[in-house]
Amino acid sequence: MATSAITHPLPTLTGSAHTLRIFGKETKYEFLKLMRTKSFSLSTIGFPVMFYVLFGIANRNAYAGNVHVAKYMLGSYACFGLIGAALFGIGVGVASELAAGWLELKRASPMPASAYLFAKCASAVAFGIIIVFILTAVATTFGGVFLSATELIKMLGMTIVGSISFASMGLLLAQLVPANAAPAIVNLIYLPMSFLSGLWMPLRFMPHWLQVFAPALPTYHLSQLMLSIFGYQDSMSLVSHWNALIGFTLLMLGLSWLIFHRKEQNA
Amino acid sequence: MPLSAIAYETEPIAEAPALVPQRPIATLTNITKRYGATIALDNLSLSLRPGEVVALLGPNGAGKSTAVKLLLGLIAPTSGAARVFGSDPREATTRTRVGAMLQVARVTEALRVRDHLDLFRSYYPHPLPMPEVLRIAQLQGLEDRLFGQLSGGQKQRVLFALAICGDPDLIFLDEPTVGLDIESRRALWQQVRCMSDQGKTVLLTTHYLEEADALAHRIIVINKGRVISEGTPSEIKRNSGDRTIRCHTDLSRDFLLTLPSVTSVEFNAGAVVVTATDAETVLREMLLRDEALSGLEIAGPALEDAFLALTRN
């Protein structure tokens, strides 16, 4: 009978293997769910790719100084795509699971909370990587972009960093925003923020006052780090971009933690 | 279906796992739970013993789900203590021995039944084999369907499957048969009895009094956060007392009211309805006085009436 089996503590090795398996399955099914939810997978992958096809390929022969515009846009639309995947996958996803009572059922189960968060985060990273691969394929095939293997690997690394960073923002939004309004609110934050930090169109083509405002946005710092892989970054130092991005992530996580604990106490 | 299970179905429910007083496996002790100014639970205590099926009955807002959430460690009490298997219900090791079916508004629709079960089974150290889970929850043949393609009753059965797939010793079922047709409801009752047979403890909340009557060894009636009555279904019914006699008769209302133990006489659609504690004596007298008495019906107190009587205030 199960009772007798459970009263004996499991050997630690089996215990950690068991936990590892939970992380694996949780991630697998979170990714499958997002992939099968067409409203998510088609729009998060489709929009950046479509924009890149419209604006990136159109600029295949355009250069601004030594900057190849199609290559610049590969970097900026990669950021646009991965940020979207993180904000929608986690912000909207967690908000709706919270509202539906699904998260409560999972919390009542022996699932480790860390497995849930890991699965969300890993899925956001996976979608970010898919988007970057598709964009790179389009850019190198149709956009006249040359990308070295090192540059691609660095882009993927930055994709992981960016996905995790904006996953923290998604987590905060999920706790603040009512589920039925979440997609609209995420769009209202995501789209202007992307535009204002030059993800759609290089900042240097924008009015001066916009350029001054951009460093206030986390999206700007991520895109600068991404563009620095191609040597396309602005004059600000890379260290300050890293600091801004890390600071932003910690702020989001801290606020999420505070709100979660306040809710927990009032529950 | 195992033969032993069928045999069990036809037998009356054994009323006493309490024959040997056993130590409770889950308890709420003097729990008070406040949400701001509202009191959800008011110094409430209850305990669950091994192998017992306990029904938590009460009107909406009585505090049923608050009690369940406390036992699941989803919320903390304002004062008092919740213990499950001798420890804090929030502890991970406690949760591996507990299964829960909660009211969920929307479940991930883009996963197959098999996926949901595979995931939840992985949370537990010694889950039931997949075919066993499918059999118990009557989901055979549905395992490759997406959750979103299931009917309301099938979805409910998946939630039941998630509650039992880890082979837990303590199972919470919050309104488990909402949206089930009669056949599936009875099948689920059957499974609950089987689990109780295996020594597992079940706490269910329900609005179907028939369900509590058919299933529970013990009913705890709560209202406004307090336990107002506790006992076997028949004890609860007995406490509420009165039975009703319905018939066609020429006997006058004034005469009927003079009979012993009669509490009320009503005329309803040409028939008279007499309510009395000592129905046998009243009936004997009525038959003696009116040879033309016809259309006789006698009803014991339904659990529903007992319940309404208990929660009226």
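How many helices and strands does the secondary structure of chain B come to? In this predicted model, the secondary structure of chain B comes to twelve helices and 13 strands.

View 1. The twelve helices and 13 strands of chain B belong to a chain of 313 residues, of which 42% count as buried. When the contacts in chain B with a separation of 6 or more are taken together, 70% of them are accounted for by residues 24 or more positions apart.

**View 2. An open sheet of three strands in chain B.** The strands follow the order S2-S1-S4 in chain B, and their pairing is antiparallel. Strand S2 (38-48) and strand S4 (79-84) of chain B each have a single partner strand and stand at the edges, so that one side of each is left without a neighbour in the sheet. Direction ignored, neighbouring strands of this sheet are turned against each other by 20° on average.

**View 3. The pairing of S1(B) with S2(B), and the helix that lies across the sheet strands.** Strand S1, which covers residues 26-35 of chain B, pairs with S2(B) in the antiparallel sense over seven bridges. For Arg34(B), the bridge partner in S2(B) is Ile39(B). Helix H2 (residues 64-71) of chain B lies across S1, S2 and S4 of chain B, and the direction of this helix is at about 120° to S1(B).

**View 4. The packing of H4(A) and H10(A).** Helix H4 (residues 69-100) and helix H10 (residues 218-228), both of chain A, pack at an angle of about 135°, and their axes are 9 Å apart. This angle makes H4(A) oblique to H10(A), and the crossing in which H4(A) passes H10(A) is right-handed. On the side of H4(A), the residues that meet H10(A) are Tyr72(A), Gly75(A), Ser76(A), Ala78(A), Cys79(A) and Ile83(A), while H10(A) brings Thr219(A), Leu222(A), Ser223(A), Met226(A) and Leu227(A) to the contact. Sorted by class, the contact of H4(A) with H10(A) has seven nonpolar and four polar residues, with no charged residues.

**View 5. The contact between chain B and chain A.** Chain B gives 28 residues to this contact and chain A gives 26 residues. On the side of chain B that touches chain A, the elements that give two or more residues are helix H3 (92-95) and helix H4 (113-123) of chain B, and H4(B) gives the most, with six residues. By class, this side of chain B has 16 nonpolar, five polar and seven charged residues.

Technical notes:
Residues numbered from 1 in each chain as written. Chains lettered and ligands numbered in written order. Predicted model: local features only at pLDDT ≥ 70, side-chain atom pairs only at ≥ 80, totals over all residues. Pairing = 2+ DSSP bridges. Helix = DSSP H or I, 4+ residues; strand = E, 2+ residues; numbered from the N terminus. Axes fitted to C-alpha atoms, helices over the stretch in contact; angles between N-to-C directions. Contact = placed C-beta atoms within 7 Å. Parallel < 35°, antiparallel > 145°, perpendicular 65-115°, else oblique. Left-handed = near helix turned anticlockwise from the far one by under 90°. Nonpolar A, V, L, I, M, F, W, Y, C, P; charged D, E, K, R; others polar. Buried ≥ 20, exposed ≤ 12 C-beta atoms within 10 Å, placed from the backbone.
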